[in-house]
Amino acid sequence: MIFPDSIYALSSGLVPAGVAVIRLSGQHTRAALAAMTGSVPEPRMMRFGAIRGLDERLLDQGLTVFFPGPGSFTGEDSCEFHLHGGRAVVAAVLEAVSTLDGFRQAEAGEFSRRAFLNGKIDLTGAEALSDLVSSETEAQRRFALANASGAQSKLYRGWRHRIIRGRAMIEAELDFSDQEDVPGSVANETWSDLEALAGEIAQHIGSYRRAEIIRNGFKVVILGAPNAGKSSLLNALAQRDVAIVTDEPGTTRDLVEVTLDLDGIKTIIIDTAGIRETTGKVEAIGIARALETAETADLLLELFDLAAERSSLSLQNDVSRISIGTKSDLAPHGQATCDPDFIISVTTGEGVSELLSEIQRRALIAAGNFGDVMPSRIRHLELLDKCLLALREGIEDGALELRAESLRHASEALGRIAGAIGVEDLLDTIFSSFCIGK
């Protein structure tokens with residue numbers, strides 16, 4: 001696809017930096033290279049030299065590389081200027097490119113969007129590139145890289161091929177049932193394969209929660225009565241002062257969170273307001289938020305003072321919990337009113353590292369294998385649900401014409417995940433979430 005205008009952007013992030021990379025793409029790229037560097041470099045070979053504006057003013061000495069289409073990331077002629085990363089240098093080169101005929105600044109995700117429209121990547125690959133750029137932990141990197149390498153796309157293409165093949169065999173039986181080379185048993189074999197496929201898709205859908213944990217984080221909520229040591233524990237786990245700690249009950253009135261990287265898993269630890277009966281409006285709001293957040297937790301740390309009476313927390317769902325007795329340095333273990341899973345003291349450090357190891361263990365179990373192919377977007381999940389529903393409708397007994405139509409709907413739903421069909425209405429939403437220059 002040939003676009004009328006060419007685009008440019010700073011692709012290397014914020015300046016100042018040691019090196020800045022400015023990317024250009026479009027049909028005017030060759031002319032831009034000739035105007036700013038004197039000639040078009042040999043494809044895919046770095047060339048050092050002067051970079052000038054249209055007025056021949058020297059802007060910088062740097063490296064230039066040219067990627068001719070269609071063998072480039074975007075599928076069209078593109079190039080990169082590798083410059084000194086000072087603000088003035090970058091601003092001068094961007095200004096010079098903006099004065100060239102046919103160029104405008106790229107919108108968010110526009111390079112990736114052009115790559116998609118030119119058939120260089122599919123939508124799952126584009127989304128995986130976005131995840132790779134924004135990855136913070138090893139699990140996120142490996143998960144995004146597997147999808148960017150085509151594992152997810154390959155799986156969905158294979159499933160779609162099986163559905164299309166099944167539909168073709170059924171329609172062949174409808175149209176040529178009187179022919180000897182199209183036996184009626186073909187459809188029976190097809191239904192067996194489609195039933196097996198439905199099970200595979202259902203299992204795949206069930207893995208979405210693991211993907212959500214890898215992408216968004218394992219959510220750990222600290223809950224307990226006022227002065228149970230919640231904020232002190234948060235500070236101890238973070239190894240810095242994140243929350244205010246005082247002897248006054250009700251100090252924490254809103255959610256305070258910190259993000260940790262536990263063996264490659266993004267783990268979000270959330271401190272909450274102390275749970276108690278109160279007449280204070282602000283504190284009551286904080287307690288309501290605490291209980292609401294606890295309902296959506298992946299793991300709940302239920303804290304209580306070893307020397308105080310422990311009250312059980314009432315939550316609507318079955319949240320996984322760890323009971324923790326605190327302040328062991330102030331209350332001898334024998335005085336505990338019940339048997340907790342862990343006994344800790346943030347003052348002496350007793351039990352804190354063991355508790356952190358247990359949180360890490362549970363986070364790893366919840367995330368599972370980082371390299372597994374899983375749905376990585378809610379968009380994928382919704383389309384997989386539609387596919388599975390249509391597939392099961394097709395498997396059920398009924399007129400073959402209607403069952404074949406259900407299979408068509410199932411294959412279309414899978415096709416929309418990778419962008420093979422009917423996704424024009426989604427492109428703005430998908431690529432607008434990308435960073436500028438990608």
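The legends below describe close-up views of salt bridges and nonpolar cores in a predicted model. In this model, local features need pLDDT of at least 70 and side-chain atom pairs count only at pLDDT 80 or more, while totals for chains, interfaces and linings use all residues. Residues are numbered from 1 along each chain as its sequence is written, and side-chain values use heavy atoms, with hydrogens and water left out.

**View 1. Asp131 and Arg377 form a salt bridge.**
A salt bridge here is a side-chain nitrogen of Lys or Arg within 4 Å of a carboxyl oxygen of Asp or Glu, and the structure holds 24 of them. In the pair Asp131 and Arg377, the closest N and O atoms are 2.8 Å apart. The two residues link distant parts of the chain, 246 residues apart, with Asp131 in helix 4 (residues 123-134) and Arg377 in the loop between helix 11 (352-367) and helix 12 (378-395). Helices (H or I, at least four residues) and strands (E, at least two) are DSSP runs, numbered from the N terminus. Asp131 is buried, with a relative accessible area of 11%, and Arg377 is buried at 16%; buried means under 20% relative accessible area, exposed over 50%, and partly exposed in between (1.4 Å probe, protein chains only).

**View 2. Asp298 and Arg209 form a salt bridge.**
The closest N and O atoms of Asp298 and Arg209 are 2.3 Å apart. Because Asp298 lies in the loop between helix 10 (281-295) and strand 10 (299-305), and Arg209 in helix 8 (residues 208-216), the pair ties together parts that are 89 residues apart in sequence. Asp298 is buried, at 17% relative accessible area, whereas Arg209 is partly exposed at 35%.

**View 3. Arg361 and Glu358 form a salt bridge within helix 11.**
These residues stand three residues apart, about one turn of the helix, and their closest N and O atoms are 2.8 Å apart. Arg361 is partly exposed, with a relative accessible area of 42%, while Glu358 is buried at 14%.

**View 4. Leu233 belongs to the largest nonpolar core.**
A nonpolar core is a set of buried Ala, Val, Leu, Ile, Met, Phe, Trp, Tyr and Cys residues joined through side-chain atoms within 4.5 Å. Of the 32 residues in this core, Leu233, Ile269, Leu301, Ile324 and Ile359 touch the most other members, and its largest share, five residues, comes from helix 11. Leaving aside residues up to four places away in sequence, the residues that Leu233 touches include Ile222, Leu303 and Val346, where contact means heavy atoms within 4.5 Å.
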